[in-house]
Amino acid sequence: MTNNVSVARTSAALSDPELDPTMPPPVSPKNRGAGSRARAARTARPGRRHGSHAVAHVVLGVGGFLMAFPFLWQIVMSLSTNAEVQSVTPHFWPAHLQWSNYATVFETLPFLDQLRTSILITVIRTLAQILLCTLAGYAFARMTFKGRAIVLALVLSILMVPSQVYLISQYQLVQGFGLLNTIVGLMLPGLFSAFGTFLMRTAFLNLPTELEEAARLDGANPFQIFWKVMLPLARPSINVLAITTVLWSWNELLWPLVVSTNSTSMPLSAGLATLIGDKTTDYPVVMAASLMAMAPVLIMFIVLQRRVIDGLAFSGLK
Amino acid sequence: MTTETLPKGRAALRERPRLLKRDGAWPWLFVLPLLIGIAVFYLWPIIQTAYFSLTTWGVFGGSTFTGVANYVRLFADPQLYSALGNTLLYTGIVVLGVPLAVWLASLLNTPGLRFASFYRVLFFLPYVAMPTAIAMVWRIIFNGDFGILNYVLKGFGITGPYWISTPGFALVAVAIVGLWSSLGFSMIILGAGLKSIPAELYEAAELDGATPWRQFRSVTVPLLTPSIFFVLIITIIGSFQLFDLQYAILGSPTTNPVIPQSLSLVYFFYQQGFVSNDKGYAAAIAMVIFVIIGIVTLVQFRLQKRWVSND
């Protein structure tokens with residue numbers, strides 16, 4: 001899943017670095033409104049509408065259930081006893097709801113340490129990416145300077161390289177700085193993002209120049225123009241960057257697996273991975289821990305659903 | 001015409017150096033914080049990995065330049081071909097989700113469909129879930145003794161395998177989860193493409209007496225080809241980078257004996273570089289992955305170009 005986010009990022013940039021930066025027409029709300037109204041009128045004919053919708057509801061209902069089932073099953077398992085989880089005839093509902101499994105998570109696993117690490121690295125990476133990528137993206141989009149084309153090409157070239165190619169060397173660097181098993185080591189390469197720079201450059205290329213020129217005439221310096229005039233206008237793209245960064249940082253596995261070896265310094269994604277195949281752990285407790293580890297991102301998704309879906313689709317389409 | 005535009009052109013010429021001067025050091029102040037990070041943590045590592053791939057690492061650290069020795073060893077290593085085959089098998093299964101996503105997306109975009117946003121959330125949920133966390137429940141679902149999947153299969157008279165610990169089935173299990181988690185994202189991208197198809201085309205098709213299936217085949221699919229193509233690229237490249245899900249579902253060789261025969265390319269890389277600590281060899285694997293993904297991308301762009309020109 002994290003993979004997919006980063007891949008969407010990669011291919012997005014691969015597909016065409018100079019792609020037309022406008023929002024893709026399909027997402028334009030005006031088109032959507034007109035199109036669906038016209039089509040609604042077409043399907044409004046008696047007889048047809050009911051039939052075709054029934055098929056859609058059956059297929060999407062069954063599909064949607066299969067999509068949600070692992071989550072529902074995880075909730076059921078997290079409230080069962082270990083014996084119920086392992087019984088040959090499945091218990092679709094526990095005899096008694098075992099809420100104590102959730103309390104056990106905090107007693108038997110370094111859950112709070114890992115949660116704190118996950119929150120810290122995700123928040124700091126997101127803020128750092130927003131700041132650094134908007135600054136650089138703005139300069140690449142709106143400023144003229146010597147070597148701009150070459151520097152930009154260097155940054156964007158990273159998007160074509162799979163992460164394994166820089167992983168070993170990133171590890172050597174972090175090890176060399178003595179930062180293994182530290183929060184700084186965990187977040188470090190992720191503070192910088194070529195994808196974010198690409199995204200923000202596209203956003204700024206897309207904004208009108210008039211406001212900028214007016215501010216310049218008023219005597220604002222480039223940083224003031226950027227900070228007060230242009231940054232607020234780039235809000236929608238900053239949201240997209242924030243959403244993709246939070247998702248990626250929270251869910252990412254390989255980097256934390258490599259740079260953190262003791263379980264108290266791991267984020268949740270790697271912490272849970274240490275429980276895989278551990279015969280001594282009790283399944284319901286692991287289910288409870290997994291649910292709590294996913295919860296922040298799932299809640300963010302459910303609260304912001306449209307924005308997350310459109311944002312990720314948008315970053316994918318770019 | 002030319003005489004009219006000339007003065008303007010000259011003005012622009014005069015304007016440019018002035019702009020350059022006005023921006024002065026500012027652009028570098030804007031770019032440098034990012035650039036330093038990118039140079040240290042991305043650009044330099046790429047060069048260093050290319051060099052590492054030409055070195056052999058001792059057990060106690062230290063490395064010697066050994067030229068193409070790693071590559072010679074790698075191309076003679078049956079594990080490389082096994083990892084490549086496993087990755088292809090996984091990719092093949094996950095790609096089956098693309099036609100499924102086309103169908104589901106076209107149903108989801110039925111005009112006036114109620115609960116559409118609810119369905120959309122359900123299908124997208126797996127995409128945002130943490131792989132290691134959701135893998136935990138998939139391990140229970142796939143469990144050979146008490147998993148619900150085999151329980152359901154038994155209802156159809158099929159005796160399910162020990163999914164996670166049987167060679168072959170282990171990879172299929174991972175691919176099922178891979179398909180499950182990527183379906184929603186594909187559907188959203190395809191949905192955006194579907195919305196751009198003019199409703200008049202469907203009206204015309206309907207006037208001509210086309211059945212819904214015929215409309216799907218003759219209007220939806222051809223006009224959706226660019227989106228389908230894009231989703232294919234993303235799915236294939238993503239599948240070639242399989243690691244998180246595999247590690248999270250199958251575990252490591254110490255807990256699951258089936259791992260050595262089920263390695264994906266990236267897992268093979270991780271195993272060599274960070275478990276066996278053979279960083280020179282792992283660097284060579286990374287370079288091979290880089291080349292393979294580069295070739296896949298190139299081939300796909302060639303195909304895309306051909307398709308575009310035929311259109």
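Colleague: How many salt bridges does the rule find across the interface of chain B and chain A?
Modeller: The model is a predicted one. A salt bridge would need a side-chain nitrogen of Lys or Arg within 4 Å of a carboxyl oxygen of Asp or Glu. Across the interface of chain B and chain A, the number found by this rule is 0.

Colleague: Which helix gives the most to the side of chain B that touches chain A?
Modeller: The contact involves 121 residues of chain A and 110 residues of chain B. On the side of chain B that touches chain A, 19 residues come from one element, and this leading contributor is helix α2 (residues 26-52).

Colleague: What area do chain B and chain A bury between them?
Modeller: The size of an interface is often expressed as the accessible area lost when the parts come together. For chain B and chain A, 76% of this area lies on carbon and sulfur atoms, and the total is about 10600 Å².

Colleague: Is the aromatic pair of F65(A) and F69(A) stacked, edge-to-face or tilted?
Modeller: Both residues, F65(A) and F69(A), lie in helix α3 (residues 48-78) of chain A, 4 residues apart. Planes under 30 degrees apart count as stacked and those over 60 as edge-to-face. With 5.8 Å centre to centre and 50 degrees between the planes, the pair of F65(A) and F69(A) is tilted.

Notes:
Residues numbered from 1 in each chain as written. Chains lettered and ligands numbered in written order. Predicted model: local features only at pLDDT ≥ 70, side-chain atom pairs only at ≥ 80, totals over all residues. Heavy atoms only, no water. Contact = heavy atoms within 4.5 Å. Buried area = accessible area lost by both parts, 1.4 Å probe. Helix = DSSP H or I, 4+ residues; strand = E, 2+ residues; numbered from the N terminus. Phe/Tyr/Trp six-rings, centres within 6.5 Å; stacked < 30°, edge-to-face > 60°.
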